[in-house]
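Here are my notes on the two-chain model, as numbered points. Please read them beside the sequence and the structure.

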Amino acid sequence: MRRFFLAVTAVISLIVVFILAGLVLYPPLPALIVSLASPEIRFAIILSIVTSTISTAICVALAIPVAYALARYRFPFRNAVNLALTLPLALPPLVAGIALLIFFGTTTWGKMLDAMGFAVVFSPIGIVIAEVFVNLPYMIRILKSSFAAINPRYENVAKTLGCTETGAFLQVTLPLSRPGLIAGTSITWAKSMGEFGAVLMLAGATTMRTETLPIALYLNLSIGDLDLAIAAAVILIIVSLGALCVVEYFYQETHVF
Amino acid sequence: MALHVESVSLALGDFSLRDVSFEVATGEYFVILGPTGAGKTIVLETIAGIHVPDRGRISWDGEDITHAEPRTRNIAVVYQDYMLFPHLTVEENIGFGLRQKNTEREEIQKRVAEMAELLGITHLLSRYPGTLSGGEQQRAALARALVIRPRILLLDEPTNALDTAMRERMRKELLRIHRVTGTTVIQITHHFEDVFALADRVAIMRDGAIVQIGEPSDVFWHPKDTRVAGFLGIGNMIAGTAKKAGDLVEVSTGTGVLVTAVSDVEGPVVATLHAEDVILSKAPFVSSAKNCLPGTVTELRPNGGIVTVCIDAGFPLTALLTRESCGDLDLTVGSRVFATFKATAVHVIPVHDA
């Protein structure tokens with residue numbers, strides 16, 4: 001049995017590597033470099049990095065209080081809140097995207113935002129909002145398990161030594177949850193870099209306007225420019241690999257995906 | 001009396017406190033003794049202000065602190081698992097409380113150094129807690145608590161995680177710290193040895209309630225009910241004075257009986273002996289066991305297949321026998337017997353004189 005199971009494991013991992021390597025090695029190297037340097041891919045890289053960084057920052061800022069509340073406090077409807085905050089994780093991103101589109105595109109609230117010059121639909125702001133909506137649950141889950149693993153007695157000691165509740169959180173719990181914070185941030189950022197469905201629905205796929213890397217891949221593939229599509233894909237593979245390494249290094253305990 | 005805990009009740013998940021009341025005087029060493037799950041840690045945390053009681057009142061020198069925030073109470077706690085902040089060095093851990101009070105840097109350094117000196121951990125100041133042994137972590141945790149000069153030091157089972165030899169040393173250390181700093185101490189434990197070694201007064205706690213409070217000798221020799229006696233039940237407790245006799249000590253009980261024990265403690269002591277370690281015989285017999293005392297059976301208490309035999313050997317002594325051996329020896333009240341036990345079975349605890 002042991003030999004059979006190990007053989008299956010070896011074959012599957014080889015297939016995965018083979019498939020991905022095949023993609024990277026498909027275009028000749030000089031062509032790949034030219035594609036990577038093309039204005040369209042450069043735009044997509046910069047737009048992806050900027051929107052992912054902003055949406056990750058927003059996710060971190062929102063997830064810290066929510067994750068702490070879920071990990072430490074008892075409050076009414078706690079389970080319902082937990083479910084609601086986990087739902088986007090189980091939802092197909094396309095569905096999340098169309099819900100966002102309806103919310104920002106048709107409701108009075110969405111129209112008010114638009115009138116104030118804060119256009120969400122088919123705009124780069126929409127990219128950020130779609131990414132936050134889809135990825136916040138990941139950040140919350142990772143941070144929640146991180147906070148829950150820290151013995152509350154650390155905070156008790158800090159409080160008896162003169163800390164306010166906030167002081168104990170900032171000086172003890174937050175530093176102790178650093179591995180979870182780093183892992184959560186890298187995963188959220190990498191997932192934002194690769195987010196397609198929700199972004200497509202809310203921000204649309206406009207060349208050189210809302211063209212993130214996955215959108216660039218999609219647009220170029222649909223017009224038959226395989227080299228540009230592969231260039232976008234290669235960058236996304238590198239991003240995923242990097243995020244995975246960071247997570248493995250800082251946060252071996254948590255199984256995030 | 002400095003600390004007043006009056007009729008405190010609190011429900012907290014599976015645990016609860018029921019009408020807990022006691023008082024602790026300034027400078028006193030007060031021990032709360034009880035089995036695991038009696039709610040002892042919750043009592044400490046309620047005094048520290050981590051939990052607010054559902055009912056009842058806590059006051060210090062007449063000032064009501066029932067609802068005061070922990071940080072304003074100046075009551076420090078040392079948990080049994082130390083809870084040193086793993087991301088800070090020992091020095092930063094000890095200085096933590098002073099930093100919260102915006103103490104000047106030089107003052108922090110000076111007081112941290114003093115406290116490290118008192119606890120003998122100066123050489124560990126630059127280390128991280130993860131690299132320290134259990135005993136070293138405990139000293140660091142004590143230093144962190146004491147450096148803020150707390151009006152009460154709360155100790156959560158400080159001798160529990162240690163082995164027997166370390167436990168003895170920690171008791172001496174705690175006594176020394178109590179003498180040097182004069183801090184009021186409330187310690188919880190489920191080791192009765194801690195009570196004799198450390199306590200001015202002891203409270204016995206059970207199922208979230210305090211069932212008896214008094215000086216250690218009161219509580220041990222006059223347990224309020226059989227359940228307290230049962231909890232304290234180590235079978236035999238022999239009060240006396242220990243004197244060295246070669247490599248061993250002889251405990252004189254005051255009625256002329258000498259009990260030999262393996263120990264190096266001298267002076268007033270309590271010696272304990274488990275009832276199952278006592279062998280009874282009709283005639284004295286030669287063996288490697290150091291103690292062979294004549295006595296008279298005063299009571300036989302059968303309980304299932306086991307009989308508890310009470311003997312007057314110049315002091316009350318109990319032995320556990322099977323019903324069968326009891327029959328073989330033909331024991332009745334008034335029978336003359338010899339009680340044999342090894343010197344290693346006798347555990348000598350120095351009595352702390354208040």
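1. Start with one pair in chain B. T241(B) stands opposite P268(B) in β14(B). The two strands here are β11 (residues 236-245) and β14 (residues 267-273) of chain B, which run antiparallel and are joined by seven bridges. Strands are DSSP runs of E of at least two residues, helices are runs of H or I of at least four residues, and both are numbered from the N terminus. Two strands count as paired if DSSP finds at least two bridges between them.

2. Some ground rules. This is a predicted model, in which local features need pLDDT of at least 70 and side-chain atom pairs count only at pLDDT 80 or more, while totals for chains, interfaces and linings use all residues. Residues are numbered from 1 along each chain as its sequence is written, and chains are lettered from A and ligands numbered from 1 in the order in which they are written.

3. Follow β11(B) to its other partner. Five bridges join β11(B) to β12 (residues 248-252) of chain B, again antiparallel. K244(B) stands opposite V249(B) in β12(B). The hairpin of β11(B) and β12(B) has two residues between the strands, and G246(B) takes a positive phi near 70° there.

4. Next comes β13(B). Four bridges join β12(B) to β13(B), and the two run antiparallel. V249(B) has A261(B) of β13(B) as its bridge partner.

5. Now the whole sheet. Five strands of chain B form an open sheet in the order β13-β12-β11-β14-β20, with antiparallel pairing. Its edge strands are β13 (258-261) and β20 (347-350) of chain B, each pairing on one side only. The twist averages 40° from one strand to the next. Angles run from 0 to 180 degrees between N-to-C directions, and axes are lines fitted to C-alpha atoms, for helices over the stretch in contact. Strands of a sheet pair through backbone hydrogen bonds, either parallel or antiparallel.

6. Chain B has another open sheet of five strands, in the order β15-β19-β16-β17-β18, also with antiparallel pairing. The edge strands are β15 (279-281) and β18 (316-322) of chain B, which each pair on one side only. Here the twist averages 45° from one strand to the next. Within this sheet, β16 (residues 291-303) and β17 (residues 306-312) of chain B pair in the antiparallel sense over seven bridges. The bridge partner of T296(B) in β17(B) is D312(B).

7. On domains, chain B is assigned domain 1 (3-232) and domain 2 (236-350); the bounds come from an automatic or database domain assignment. The C-alpha centres of domain 1 and domain 2 of chain B lie 36 Å apart. The contact takes four residues from domain 1 of chain B and four residues from domain 2 of chain B. Contact requires C-beta atoms, placed from the backbone, within 7 Å. On the domain 1 side, helix α7 (residues 192-198) of chain B gives the largest share, three residues.

8. Chain A has another make-up. Its secondary structure comes to 13 helices and zero strands. The C-alpha trace of chain A spans about 65 × 65 × 30 Å along its principal axes.

9. Look at one helix pair in chain A. α12 (residues 213-222) and α13 (residues 226-250) of chain A pack at an angle of about 155°, with their axes 8 Å apart. α12(A) and α13(A) are therefore roughly antiparallel to each other (angles over 145 degrees count as roughly antiparallel, under 35 as roughly parallel, 65 to 115 as roughly perpendicular and the rest as oblique). Among the residues in contact are L217(A) and L221(A) of α12(A), and A232(A) and L236(A) of α13(A). By class, this contact of α12(A) with α13(A) has eleven nonpolar, one polar and no charged residues. Nonpolar covers Ala, Val, Leu, Ile, Met, Phe, Trp, Tyr, Cys and Pro; charged covers Asp, Glu, Lys and Arg; the others, Gly among them, are polar.

10. A second pair is α3 (residues 39-72) and α7 (residues 124-148) of chain A, whose axes come within 6 Å and cross at roughly 40°. By class, the contact of α3(A) with α7(A) has 23 nonpolar, four polar and three charged residues.

11. Last, the chain interface. The contact takes 18 residues from chain B and 15 residues from chain A. On the chain B side, the elements that give two or more residues are α1 (40-48), α2 (70-73), β6 (75-78) and α3 (90-100) of chain B. By class, that side of chain B has twelve nonpolar, three polar and three charged residues.

Methods. Contact = placed C-beta atoms within 7 Å.
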